[in-house]
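Subject: Structure for you to look at

Hello,

Here is the structure I said I would pass on. Please open it first, then read the notes below it.

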Amino acid sequence: MDLSDLADFNLVARHGAFGKAARLSGRPKATLARHVANLEDSLGVRLVERGTQGLRLTDEGRALHERTDELLSEIADVGEAVSSRIARPRGRLRVSAPVLFSHTHLGHLAAKFAGDCPEVALEVTAEDRRIELLEEGYDIAIRVNPCPDDRLIGRCFARDEMLVVAPPALAGLITSPAWNGQVAAITMTTEFDGGPWPIRSGGAAITVRPEIRLRLSSLVMIRDAVRAGLGVAILPRSMVDRDIEDGRLVAWGEVADRPIELWVLHHSRRLVSPKITAFVAFLSAAFPDRVLRHGSHKA
């Protein structure tokens with residue numbers, strides 16, 4: 001069994017199609033097909049079924065993929081570590097990160113890391129969905145408040161907090177004796193957030209009862225809707241601190257029960273390569289006080 005044939009088979013199996021595997025890897029589709037066919041010939045079994053609905057692994061193909069995909073990745077990492085003498089980060093590094101953090105921080109940080117580690121080909125994908133590291137070919141995932149997962153290890157590199165923010169016209173509403181706690185509000189479409197919202201404001205505990213007027217799928221859209229005066233919203237401090245400083249928004253208070261932690265994670269069952277170690281250390285050093293605020297990183 002040729003290991004290069006096996007590696008290409010696992011590449012195709014991971015992506016579910018020859019065409020997709022070829023596009024993402026930059027390898028010719030014909031080469032991938034030939035190597036899979038060679039592997040089938042050497043083993044004497046059919047590994048994939050090609051049909052009008054795409055590619056499907058046979059039972060033998062599924063068993064081979066499950067037993068060898070992670071093992072080959074380990075071998076590749078060991079070879080990379082040995083060839084680089086452990087100390088020098090090099091090779092392709094794929095990172096998945098939340099959209100908001102990517103747009104507000106990762107452009108400058110990625111450029112700085114690329115300058116510090118010129119032999120690493122860094123690829124950052126901004127996406128809010130929960131990706132599977134090994135199955136989708138990522139080395140690192142940056143996640144907000146991740147659920148415990150014994151397959152992943154990493155560290156918290158920054159913290160944030162959620163604020164209830166309002167347009168300047170509503171600045172005095174929260175202290176008005178006639179206010180009953182109800183106010184027009186904007187929330188995300190992806191989660192129910194109908195309240196109540198317990199907040200801390202100037203040392204006092206206050207309950208906000210939102211009347212949802214608008215649901216939007218982007219925190220940036222929500223911020224802009226608050227700026228436009230429609231109502232209040234819950235937004236990360238790192239996103240709105242400059243608006244608060246410049247008077248475009250006012251902060252009513254911190255949401256009491258919604259801490260935010262950003263973690264940089266990688267797979268626990270794979271050898272930690274120099275490129276992963278370097279990126280984790282770099283990201284942690286970029287936020288020395290572990291506070292995520294606009295402009296808080298060392299660009």
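One network of salt bridges links R223, D224, R227, D243, D246 and R248. Please keep in mind that this is a predicted model. Side chains of opposite charge can pair when their charged atoms come close.

D243 has a relative accessibility of 2%, so it counts as buried, the cut-off being under 20%. R227 is partly exposed, at 34%.

The two helices also pack against each other. Helix α6 (residues 219-227) and helix α7 (residues 237-246) have axes 11 Å apart, at an angle of about 25°. Angles under 35 degrees count as roughly parallel, and therefore α6 and α7 are roughly parallel to each other. Their crossing is right-handed. In the contact, L219, V220, R223 and R227 of α6 meet M239, V240 and D243 of α7. These residues divide into four nonpolar, no polar and three charged.

In total the structure holds 19 salt bridges. Among them is the pair R130 and D149, whose closest N and O atoms are 3.2 Å apart. R130 sits in the loop between β4 and β5, and D149 in the loop between β5 and β6. R151 and E132 form another, at 3.6 Å from N to O. R151 is in the loop between β5 and β6, and E132 in the loop between β4 and β5.

Regards

How values were computed: Residues numbered from 1 in each chain as written. Predicted model: local features only at pLDDT ≥ 70, side-chain atom pairs only at ≥ 80, totals over all residues. Heavy atoms only, no water. Axes fitted to C-alpha atoms, helices over the stretch in contact; angles between N-to-C directions. Helix = DSSP H or I, 4+ residues; strand = E, 2+ residues; numbered from the N terminus. Parallel < 35°, antiparallel > 145°, perpendicular 65-115°, else oblique. Left-handed = near helix turned anticlockwise from the far one by under 90°. Contact = heavy atoms within 4.5 Å. Nonpolar A, V, L, I, M, F, W, Y, C, P; charged D, E, K, R; others polar. Salt bridge = Lys/Arg side-chain N within 4 Å of Asp/Glu carboxyl O. Buried < 20%, exposed > 50% of the residue type's maximum accessible area, 1.4 Å probe, protein only.
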